[in-house]
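I open this notebook to record what I looked up in the structure. The entries follow the order in which I consulted it.

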Amino acid sequence: MAQRFARRLEPWISHARMEAHRPLQGDDLDMLVAYLHNMALCEALYTPLGFLEVALRNSLHASLSELHGSSSWYSLPGVLGRYQAQDVANVRRRIVGEGKTATPDRVVSELNFGFWVALLSTPYDARFWRPQKAHFLKISFPNIPKNHRQRPVIYKRYNELRLLRNRVFHHETIWNRTTLVRDYDRLGEALGWMSPDMSDVCRLVDRFPDVSANGHSRLESLLKRHLHID
């Protein structure tokens with residue numbers, strides 16, 4: 001039954017993607033359960049990743065607005081590198097194309113996570129993060145432990161989370177990622193570096209711990225019931 005069901009789904013998922021979810025020596029039922037569990041894990045991670053993205057962009061925007069004395073700091077000459085300036089130009093063009101004014105609030109909200117993470121990379125160190133004894137790094141991440149308050153350490157953490165986000169948002173395989181629970185814990189820690197309150201409110205709607213611990217067995221039961229497998 002599971003084999004026939006898998007074959008019916010294959011044209012819509014693709015053989016390669018389905019097989020990527022087959023556990024070692026697993027049968028078609030195991031593969032289908034892993035596929036469903038992977039989707040559930042990705043869905044559950046949307047919430048903490050969403051909180052992280054919103055917090056990071058607002059934290060960096062506030063700091064850089066103060067540094068440059070303008071909420072349109074991203075438009076000032078020489079502030080951004082080539083690729084980030086192009087990101088801003090694309091966003092402004094899209095906003096104006098929708099008949100709206102490209103206000104700072106609109107521009108900031110549409111710039112993607114990769115844009116903000118890039119601002120923590122080496123080319124922006126001297127421009128943003130070293131002046132005034134790293135004042136703007138401290139106010140962007142006010143709750144980070146002192147031994148972590150270094151721009152390379154912060155960039156590494158958020159860039160790793162960016163890569164995880166990309167896998168999640170493109171529904172790639174994470175079900176067999178041996179570091180997934182650790183990655184989730186680091187995500188929560190990175191959110192807390194900016195705001196413990198955001199971390200607390202995220203937990204109110206965060207389903208990942210339950211999906212990680214119980215989702216596989218719950219989905220296996222549901223699928224067996226759907227396929228009338230005892």
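**Entry 1: contacts of one residue.** I take contact to mean heavy atoms within 4.5 Å. The model is a predicted one. I asked which residues Tyr-158 touches, leaving out those up to four places away in sequence. I found Leu-52, Leu-56, Phe-113, Val-117, Leu-120, Phe-141, Ala-190, Trp-193 and Met-194.

**Entry 2: the nonpolar cores.** I then looked up the core in which Tyr-158 stands among the residues with the most contacts, together with Leu-56 and Phe-141. This is the largest nonpolar core, and I noted 54 residues in it. Which helix gives the most to this core? I found that helix α3, residues 28-68, does so, with twelve residues. Another core lies apart from it and has twelve residues, including Ile-13, Leu-29, Met-31 and Leu-223.

**Entry 3: the chain as a whole.** I counted twelve helices and zero strands in the chain. Read from the N terminus, the elements are accordingly listed as α-α-α-α-α-α-α-α-α-α-α-α. The C-alpha atoms fill a box of roughly 65 × 45 × 30 Å along the principal axes. I recorded 230 residues, of which 41% count as buried. I also looked at contacts between residues at least 6 apart in sequence, and 69% of these join residues at least 24 apart.

**Entry 4: α9 and α10.** I returned to Tyr-158, which lies in α9 and takes part in the contact with α10. Helix α9 covers residues 151-169 and helix α10 residues 180-194. Their axes are 10 Å apart, and the packing angle is about 125°. From α9 the contact takes Ile-154, Arg-157, Tyr-158, Glu-160, Leu-161 and Leu-164. From α10 it takes Leu-180, Asp-183, Arg-186, Leu-187, Glu-189, Ala-190, Trp-193 and Met-194. I classed the residues of this contact as nine nonpolar, no polar and five charged.

**Entry 5: α1 and α3.** I next looked up helix α1, residues 2-13, against α3. The two axes come within 9 Å and cross at roughly 45°, and α1 and α3 are therefore oblique to each other. Their crossing is left-handed. On the α1 side I listed Ala-2, Gln-3, Phe-5, Ala-6, Arg-7, Leu-9 and Ile-13. On the α3 side I listed Asp-28, Leu-29, Met-31, Leu-32 and Tyr-35. By class this contact divides into nine nonpolar, one polar and two charged residues.

**Entry 6: positive phi angles.** Where is Gln-25 found? I located Gln-25 in the loop between α2 (15-19) and α3. Gln-25 is not a glycine, yet its phi is positive at about 60°. With 82% relative accessibility, Gln-25 counts as exposed. I looked up His-228 as well, in the segment after α12 (208-226). His-228 likewise has a positive phi, of about 55°, without being a glycine. Its relative accessible area is 70%, and His-228 is exposed.

**Entry 7: Asp-200.** I placed Asp-200 in helix α11, residues 196-205. Its relative accessible area is 41%, which means that Asp-200 is partly exposed. I also checked Asp-200 against Gly-188, twelve residues away in sequence. Their C-alpha atoms are 9.5 Å apart in space.

Note on methods. Residues are numbered from 1 along each chain as its sequence is written. This is a predicted model: local features need pLDDT of at least 70, side-chain atom pairs count only at pLDDT 80 or more; totals for chains, interfaces and linings use all residues. Side-chain values use heavy atoms; hydrogens and water are left out. A nonpolar core is a set of buried Ala, Val, Leu, Ile, Met, Phe, Trp, Tyr and Cys residues joined through side-chain atoms within 4.5 Å. Buried means under 20% relative accessible area, exposed over 50%, partly exposed in between (1.4 Å probe, protein chains only). Helices (H or I, at least four residues) and strands (E, at least two) are DSSP runs, numbered from the N terminus. Axes are lines fitted to C-alpha atoms, for helices over the stretch in contact, and angles run from 0 to 180 degrees between N-to-C directions. Ala, Val, Leu, Ile, Met, Phe, Trp, Tyr, Cys and Pro count as nonpolar, Asp, Glu, Lys and Arg as charged, and the others, Gly among them, as polar. Angles under 35 degrees count as roughly parallel, over 145 as roughly antiparallel, 65 to 115 as roughly perpendicular and the rest as oblique. A crossing is left-handed if the near helix is turned anticlockwise from the far one by less than a right angle, and right-handed if clockwise.
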